[in-house]
Amino acid sequence: MTQTGDTPDMVPEPREPPVTHRRGRFSLVWLVPGIAVLIGVSMLVHAWLSSGPEITVTFHTATGLEAGKTPVKYKDVTVGAVSAIALSADGAQVIVTLSLVKSALSLTREDTRFWVVRPRIGIGGVSGIDTLFSGAYIAVDTGTAQQTSTAFTGLETPPTVIGGMPGRSFTLHTDDLGSLDIGSPVYYRRIQVGRVAAYRLDVDGKSVGVEVFIDAPYDRFVTADTRFWNASGVDVSIGADGFKLKTQSVATIVAGGIAFATPESSQSEAASGSTSFVLAKDQATAMAPPDGPSQFVQLRFDQSLRGLTVGAPVEFSGLNIGQVISRDLDYDQNQHHFSSLVGIVVYPQRLGRVLEKLRMPAGDAEQRSAEFLRGMVEHGLRAEARSGNLLTGQLFISLEFVSDAPKVTFDVSARPLTLPTVNGSFDRLQEQVANIVAKVERLPLDAIGRHVDMALVDLDKTFLQVNSRVLPETARTLLQAGQTFGAAKDLLADDAPLQQKLGQTLQDVQRTARSLRVLTDLLGTHPESLLLGRPDDPAPAVPGSHKPVPAQEPLR
Amino acid sequence: MSLPPRARQLGVVGCHACGLVCEDKLDETGHADCPRCGAALHRRRPDSLARAGAFLLAGMIFYIPANMLPVMYTSLLGSGSDNTILRGVVEFWKAGSYGIALVIFTASVAVPCTKFLVLGLLLATCRRRSRWARRERARLYRLVEFVGYWSMLDVLVVAIVAALVKFQALSDIEPRLGILFFGMVVILTMLSALSFDPRLIWDGDDTNR
C-alpha cells in the first residue's frame, strides 16, 4: 500500500527501491481471530457431539419445575435438564422440554417413564424428602421397548416399581378397584412382599386390571394356584364362635391392600411373570374351591319380589349354589299382567360329590343342563322366592322339590333355560292373611256393633226383670223341688216299704213263672197228662230244688 | 479547510514511547530507533488497522460463548444453578435489584457492544480514509480508551465472590467457563483499542504520506 520512491523525476539519481517489509507479508496478528474461531468452532462441535436428544414430556402441572434449572436424574445421576416449560396448545397440559446428555440416548425408549420427584407425604410413607431443599427433579426409569420416542407423557405419581428391581409383576382382575391405589401393599402371611404398581380399566370397561409387583424372593410363592384377595378395611363377622375382627395391618384399613395365599394342597410351580389372577373380594371367597362353569337360568315370578336383590343367594336344600344376577320386569300384553324375570347363575360344581352320582345325559353343556333340568322339573323341582330375613324382608331363591306342584312342561329348547316357579310359602301366608283381612274388612262391623249394643241394652232390662221377679220365684220353686226330691229319696231308699213290697212282689212273680214253666214242661213231655193226669214216674230230682224241673235245664 | 502541516511533510517522526521528535530517516533506512529511548520509530503504528481488526474480530467471536456459557455457578442449600450473564441481569431485575441489574448490564453488555461498534466504525472509516466527522470519531476513541479500564468489572466480581463465598453445602459460588471468554473479550478489545492508531483518523485522502 505504502508507496515509497515512486517519484523518480524528483530524485537526482536513481537508486534501488527500498525493501518494503510489509508487502505481501501475512500479519501474524490474524492468528488471534483464527484461534478464536477455532476455539469457537471446537466448542460448537463439542456441544453438537455431546448434545443428547431433546425430548418433551407432558405433565399436568409444572409444580417445582424450572426451565434451565431442574435436573433430570436416572438412578440419581444427572442425565439432563429441563430446557423449556410451555403450555400445550389447549392449555390443559404442561409440555416440559428436556435436554438430555448424549449418554442418555438409551433412556428415550418408547416406554420410558418420567415423573417429578417432589416431597410427598401419604399413608404409605414419606418420599422425596431430599427434594425439600434441593428442589424438585425429574426422575427417569428406562423402558425395554426397541423404538425410541421424543414425546412422552409424564407420570403424576412416582411409579412403585423401577426397572431392574428383582421381582415379578402379576396382573389381577377385579370388578372394581375398591380402596386400592398405586403403592398399596401386598401381603403374604401378613408380611409386606410387594405393592400395587399400576391399575387400568380393561378395554371393555367391565373390569379393572391391577398390576402388582412382588419383590424377590417372595415372588416364588406365587403359583398358578395362588389366590389373591382384597385385604382392604376391616372384616367383622359374628358367628357361633363369637365376634371376630380381621384386618391385615392398620395401613390397609386406610389405604387398602392385597393379600395372597396358596392352598396348602397346591403342588403348582411358581407362576410366570405374566400370569393373570382374579382378585377376590375377601379371603373366604378367594380360598373357596373354584366354582367351575356356571349355568344361567331364568325364572318368572308372578308375585312381587320386593326384597330380592342382585347378588342374593340361590340355595338348593340349604346349599348355596349360585346367585341372582339380574331382575327385570316383563309384561304380558294378552293378559295385561306384569311379571318379574329373575336371572340366576347356578354353579353345578358346588353340589360336590352329588354331581358324580347324578346321571348326566349326553350332549353339549347347554343341552345336557336342559335335559338334566327337565328330569328334575318332572320330579317337582321348582324355584321359589323365600324370605331369608323376616325383619328386613330380604328374599333369596330356593330350588326345592315341591311334591304337590302342578305339572308343567319344561321347554328343553328354550334359551335361556327357564325353570318353573311356585309362589313362596311366606308369600302364600301373606296372601291368606290378606284375604282374611279383606273379609274382616267387608264385615258390617258398625251395624253389628249397633245391634250388639241394642241387644245388650235389652239384655240389661231383661236381667233387671229376672233379678226382681224371676229370681224369687225360682228360689221358691227350687225349695219346693228340694222337698219333692227329699220325698222321692225316701221312697227310693233301700229300707223303704215300697222297695220291700216290690221285692216280695217280684219274688212271687218269679215263683209263678217257675210253676208255669214246670207246667209247660210237663205238658211238653206228657201231653196226655192233660187228660190222664200226672204220670207216676217222677222226674229226676234236681239237687237243691224241691220242685220237679226238666232234667237238662238248670234254673236260675 | 486548512490543516496544520503533517510530520511527514516536515520530515520528522515522533517516538511512540517517549514522544521525542526526530528526523524522518525511515525512507532511507527502512528501520530506525529513537535516539533517546531506543524504541523503534514508526510514522504510524505498524499494521494498525489489521491488528486492531484482528483483535476486534477475535473479541467479537469470544463474546458469543461468553454470553452463551454460564459464568457463575451458585448453590444455595443444595439447589445449585448455572447463571449466564443475561439471565443474571434478568433475575436481578425481576427480584427488584434494578441498580445491580443495570450495573451488570452496563458492564457486561452495553460496554463491550459499544466497544465493538466504535472500534468497528473507526476501523472501517480509517480504511476508507474517510473525512467524515473526524473530531467525533476522535472523541469516540477516547471514550473507548476510558471505558476500557472498567471492562473487567464482571470478571472481578466473579473472582471476588467465588473466593469469598465458600460455605460448602450451605452456599457456594464457582466460576464457570463463560467468565474466561468474557475476560478474553475484554483483553482482546483492549488490545484492539491499543493497536489502533488514532492518528489514522486524520489521514485523509487530501494528504499524502
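Mentor: Across the interface of chain A and chain B, the rule finds 0 salt bridges, a salt bridge being a side-chain nitrogen of Lys or Arg within 4 Å of a carboxyl oxygen of Asp or Glu. Before we go on: this is a predicted model, where local features need pLDDT of at least 70 and side-chain atom pairs count only at pLDDT 80 or more, while totals for chains, interfaces and linings use all residues. Residues are numbered from 1 along each chain as its sequence is written, chains are lettered from A and ligands numbered from 1 in the order in which they are written, and side-chain values use heavy atoms, leaving out hydrogens and water.

Trainee: How many residues does each chain bring to the contact?

Mentor: Chain A brings 16 residues and chain B 21 residues, where contact means heavy atoms within 4.5 Å. The two chains bury about 1,700 Å² between them, 71% of it on carbon and sulfur atoms; buried area is the accessible area (1.4 Å probe) that two parts lose on being put together, summed over both. In chain A, the residues losing the most area to chain B are A:V29, A:M43 and A:K69, together 25% of what that side buries.

Trainee: What makes A:D141 and A:R113 a salt bridge?

Mentor: Their closest N and O atoms are 2.4 Å apart, and the limit is 4 Å, so the pair qualifies. A:D141 lies in strand β8 (residues 137-141) of chain A and A:R113 in strand β5 (residues 113-117) of chain A, so the pair ties together parts 28 residues apart in sequence. Strands here are DSSP runs (E, at least two residues), and helices are runs of H or I with at least four, numbered from the N terminus. Over all chains, the count comes to 11 salt bridges.

Trainee: Where does α8(A) have a kink?

Mentor: At A:V470, shortly before the proline A:P472, with a kink of about 45 degrees. That bend is the angle between axes fitted to the seven residues ending there and the seven starting there.

Trainee: How does the span of helix α8 of chain A compare with that of a straight helix?

Mentor: A straight helix of 48 residues would span 70 Å, whereas helix α8 (residues 445-492) spans only 57 Å between its end C-alpha atoms. The expected span is 1.5 Å times one less than the number of residues.

Trainee: Which peptide bond is cis?

Mentor: The one joining A:A216 and A:P217, with omega about 5 degrees.
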